[in-house]
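Me: I would like to go through this model step by step. Could you take my questions in turn?

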Amino acid sequence: MSEQSEEFIVAAESKVFDKEHRRKLFFNISRYDKKVVDGKSQYSNLELAKSRASVIKTKVIENLDKYLIEFEANFIKRGGKVIWAQDGEEAISEVVRILKRAQVKTVVKAKSMVTEEVHFNDAVEKIGVESLETDLGEYIVQLRKEPPYHIVTPAMHLSKEDVAKTFHDKQNTPLDWTPADIVAHVRKLLREKYTHAEAGVTGGNFLIADVGAVAVTENEGNAMLSVAFPKIHIAIVGIEKIIPSLTDLDLFWCLLSTHGTGQNITVYNNIMTGPKQEGEIDGPEEMYVILLDNGRSELLAQVEQRRALNCIRCGACLNACPIYQGVGGHAYGTTYSGPIGSVITPHFKGMEEFKHLSFSSSLCGRCTEVCPVKIDLHNLLLINRKDSVQQKPSRTENVLWLFWKKAMLRRRTMEKGGAKLKNFMLKQFVTKAWGNRRELPKVAPKSFNQPPRKPACSRRS
């Protein structure tokens with residue numbers, strides 16, 4: 001059992017029996033679920049829209065090199081610069097080089113899971129650069145020194161009382177502040193940061209190949225402000241975020257918002273094609289797009305599991321998953337939690353260390369049912385399980401299955417030692433995997449194949 005697996009078991013057990021944690025999570029997810037049902041009513045044929053999106057994304061992933069090169073050529077034409085990063089370390093080194101050259105002291109950063117993936121904030125703070133999250137949820141978890149809890153809703157695990165206490169503890173605000181008070185306080189604080197920051201950093205919901213653009217969708221206007229004032233804009237985006245054409249956005253933007261938050265379309269939708277052009281009065285003077293691999297090519301090489309790269313990060317599978325609803329986001333110990341995280345993380349970060357995530361599922365199929373791009377997530381989890389066993393089964397598993405096989409092949413071998421020995425072996429080798437919340441079954445003293453004893457005949461008087 002890997003260290004990550006043991007940590008997951010401990011964290012999951014702690015959270016799943018925390019009634020207050022589950023209450024908050026259930027309350028917040030249920031509110032999203034209700035909105036999603038309302039949002040889906042805008043479609044006359046939702047399944048057709050999902051099928052179209054699935055076909056487009058599958059086509060892109062099957063021809064990823066072609067579309068990435070097309071994007072790069074079109075983005076460069078408008079003065080942008082493209083950097084290819086093999087892994088997180090390479091992406092961070094390029095960011096650091098840009099920030100040092102421009103003598104950047106402050107970075108305003110819009111919500112981005114890929115920057116969490118490469119540990120952006122920690123890296124730039126080491127060189128003396130302040131990195132400030134501008135999404136409200138991200139700002140809250142940054143104050144708490146926690147990673148995001150959810151792909152779409154970083155502070156999903158917190159109540160409004162928790163948030164008020166966080167600001168009281170960190171910034172000495174009144175403990176009885178309402179959400180409106182907190183929002184006004186954060187808005188005032190961030191406005192000053194926007195106008196003084198030398199660089200802005202975003203992710204990208206979509207990369208548009210035919211026009212060479214980065215599309216960013218958000219609800220607070222923070223991404224727009226993060227790139228409007230600073231002289232430098234850096235977008236760090238996973239290579240799988242490509243879509244072929246600008247005309248595809250009418251399909252993907254609506255699917256993303258409907259399945260993520262229940263909106264017909266997100267409030268702010270930005271399309272950025274490079275630095276500001278001649279005659280334009282706002283926008284960055286320099287714009288960089290860092291195309292991040294970081295294990296995505298490893299996943300792309302898997303003919304069956306590469307379908308997971310179709311994901312548009314709506315978070316619907318997390319909200320639907322009974323495991324996520326029990327253990328929450330932090331227990332996974334990874335950037336991407338829930339069903340999609342359990343599929344992709346073993347390929348991004350190593351099957352041996354993270355194969356346990358693919359086994360941490362009920363395989364109920366709810367994640368597949370709600371996915372807006374029709375990724376059959378529960379089947380991909382099964383394929384991951386198969387691959388994890390084939391690639392490098394543990395020595396303990398090998399020994400156990402060897403003895404099991406020998407016993408199953410011969411009745412006489414299987415019956416040796418009797419129930420007492422079998423119960424001892426189960427207790428020694430299976431108890432930990434079985435869990436301390438369930439009673440370990442006991443082998444019966446007598447096997448089914450043993451004939452019943454004949455009753456003793458009574459002597460007639």
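**Helix 8 and other features**

Reply: The buried residues of helix 8 pack against helix 6 (113-117), strand 3 (130-133), helix 9 and helix 10. Helices (H or I, at least four residues) and strands (E, at least two) are DSSP runs, numbered from the N terminus. The model is predicted: local features need pLDDT of at least 70, side-chain atom pairs count only at pLDDT 80 or more, and totals for chains, interfaces and linings use all residues. Residues are numbered from 1 along each chain as its sequence is written, and side-chain values use heavy atoms, with hydrogens and water left out.

Me: Which residues of helix 8 are buried?

Reply: They are Gly137, Glu138, Tyr139, Ile140, Val141 and Leu143. Buried means under 20% relative accessible area, exposed over 50%, and partly exposed in between (1.4 Å probe, protein chains only). Because six of the eight residues of helix 8 (residues 136-143) are buried, the helix is largely enclosed by the rest of the structure.

Me: What is found at the start of helix 8?

Reply: There, a side-chain oxygen of aspartate 135 comes to within 3.0 Å of the backbone nitrogen of glycine 137. Lysine 145, which follows helix 8, has a positive phi near 55°.

Me: Where is asparagine 172, and is it buried or exposed?

Reply: Asparagine 172 is in the loop between helix 9 (160-171) and helix 10 (179-196). It counts as exposed because its relative accessibility is 64%. Its phi is positive, near 60°, although the residue is not glycine. Most residues other than glycine have a negative phi.

Me: Changing topic, which residues touch the most other members of the largest nonpolar core?

Reply: Of its 103 residues, these are Phe71, Leu99, Phe120, Phe206, Ile234, Phe252 and Ile340. Helix 12 (residues 249-261) gives the most to this core, with seven residues. A nonpolar core is a set of buried Ala, Val, Leu, Ile, Met, Phe, Trp, Tyr and Cys residues joined through side-chain atoms within 4.5 Å.

Me: What is isoleucine 340 in contact with?

Reply: Leaving aside neighbours within four places in sequence, isoleucine 340 has contacts (heavy atoms within 4.5 Å) with Ile151, Ala308, Cys311, Arg313, Cys317, Leu318 and Leu377.

Me: Finally, how exposed is phenylalanine 429?

Reply: Phenylalanine 429 lies in helix 23 and counts as partly exposed, because its relative accessibility is 46%.

Note on methods. Polar contact = N/O pair within 3.5 Å; in protein donor to acceptor, adjacent residues only side chain to side chain.
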